[in-house]
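Hi there,

Here is the structure I promised to pass on to you. Have a look at it first, and then read on for my notes.

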Amino acid sequence: MRIRIVDAFTDRPFAGNPAGVLLLDAFPDDAWLQNVALEVNHAETAFTHRLPAGGEADWALRWFTPATEVALCGHATLATAHVLTSTGAHTGPVRFATRSGVLTATPEADGSLTLDFPTAPLTPVEIPEGVAGALGAEPLGTFDTGPNTGDLLVELADEKTVRGLTPDHKALARYSERGIIATARAEDPSRGYDFVSRGFFPNVGIDEDPVTGSAHTALAPYWSERLGRPVLTGLQASRRSGLVRTEVRGDRTLLSGHAVTVIEGDLLV
């Protein structure tokens, strides 16, 4: 079967967040899926297969890190939609049946894709004791992002602080189900983005994720409320970096970005 590596939330190779994508006839057993994800060894590998016509979704979709299956993944969904549309396996908007409900990806005229995801419910929580030391910076506030993502959203003083983080990944693991999203307002919005973030997810085997689409279902409502605008652009300031356009529509958040296929080959097992 064909396997592809796609860089998501970028319009150029070797940037954004790489994901493995496999189009299947059906899902094999979970152990095989997990072994393939470990072999691919990117933040996520997406597995998808076509569903019978006439249902609420067109394709079934699951996501695995090298360590575990996850409930929601933005960049691997974008990568999967890119493969389906670029190969002609699907035309027009594509509906995915997932553990987080039906998610839609819509091709745009500029070549990007827009994902329709559930907005993360943000709940203010007391700053956990020790999180400042583990992260390497003092939080201004902390928020639980709800069951779909299971993260702790942490606002920091400024963009420079976010970019300069060198956290203790092992220590961070105790503060959330999945990981920590560190964020701050953009220092200079004229550079093309409104807020910055970095994502650390040691509990699913990812010390730092290059660009985390699912995290933006929390970042978008957080910054839209503070900046007074529903449409924003976030920069995830990892080494690879990537841009996510966001639009909050109540209990749904739209995430838009480009994707590029960089590797295509045969899986032999």
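Predicted model: local features only at pLDDT ≥ 70, side-chain atom pairs only at ≥ 80, totals over all residues.

Residues are numbered from 1 along each chain as its sequence is written, and side-chain values use heavy atoms, with hydrogens and water left out.

**Salt bridges**

Side chains of opposite charge can pair when their charged atoms come close. With a salt bridge taken as a side-chain nitrogen of Lys or Arg within 4 Å of a carboxyl oxygen of Asp or Glu, the count comes to 16.

One of them joins Arg95 to Asp58, at 2.8 Å from N to O. Arg95 sits in strand E6 (residues 94-98) and Asp58 in the loop between strand E3 (44-50) and strand E4 (59-64), so this pair ties together parts that are 37 residues apart in sequence. Helices (H or I, at least four residues) and strands (E, at least two) are DSSP runs here, numbered from the N terminus. For accessibility, buried means under 20% relative accessible area, exposed over 50%, and partly exposed in between, with a 1.4 Å probe and protein chains only. Asp58 counts as buried because its relative accessibility is 18%, while Arg95, at 30%, counts as partly exposed.

Glu159 and Arg163 form another salt bridge, with their closest N and O atoms 2.8 Å apart. These two are four residues apart in helix H4 (residues 159-163), so about one helical turn separates them. Glu159 is buried at 3% relative accessibility, and Arg163 is partly exposed at 41%.

A further salt bridge brings together the side chains of Asp194 and Arg229 (3.0 Å, N to O). This pair links distant parts of the chain, 35 residues apart: Asp194 is in the loop between strand E12 (179-185) and strand E13 (195-201), and Arg229 is in the loop between helix H6 (216-227) and strand E15 (231-236). With a relative accessible area of 14%, Asp194 is buried, whereas Arg229 is partly exposed at 37%. There is also a network, in which salt bridges with shared partners join Arg2, Arg4, Glu264 and Asp266.

**Packing**

A nonpolar core is a set of buried Ala, Val, Leu, Ile, Met, Phe, Trp, Tyr and Cys residues joined through side-chain atoms within 4.5 Å. The largest one has 42 residues, and those with the most contacts inside it are Trp63, Leu78, Val94, Phe96 and Leu219. Its largest share, six residues, comes from H2. Apart from this core lies another, of 20 residues, including Leu156, Ala171, Ala182 and Tyr193.

What does Val94 touch, leaving aside its neighbours within four places in sequence? Its contacts (heavy atoms within 4.5 Å) are Asp58, Trp59, Ala81, Leu84, Leu103, Thr104 and Ala105. Thr77, in helix H2 (residues 74-87), is buried at 1% relative accessibility. With the neighbours within four places again left aside, Thr77 is in contact with Leu61, Trp63, Phe96, Leu115 and Phe117.

**Cavity and pockets**

On a 1 Å grid over the protein atoms alone, a cavity is a set of points where a 1.4 Å probe fits but cannot get out, and a pocket is an open set with protein on both sides within 12 Å along at least five of seven lines; lining residues have an atom within 4 Å of a point. Grid points are joined across faces, edges and corners, and a volume is the space filled by probe spheres set on the points.

There is one cavity of 30 Å³ or more, and the largest cavity holds about 60 Å³. Among its lining residues are Glu44, Cys73, His75, Arg178 and Asp209.

The largest pocket holds about 220 Å³. Of its 15 lining residues, the closest to the centre are Phe9, Thr10, Asp11, Gly242 and Leu243. Strand E16 (242-249) and strand E17 (252-257) each give two or more residues to this lining, and E16 gives the most, with four.

The second largest pocket holds about 170 Å³. It has 13 lining residues, and Val70, Ala71, Thr149, Glu177 and Arg178 are the closest to its centre.

Best wishes
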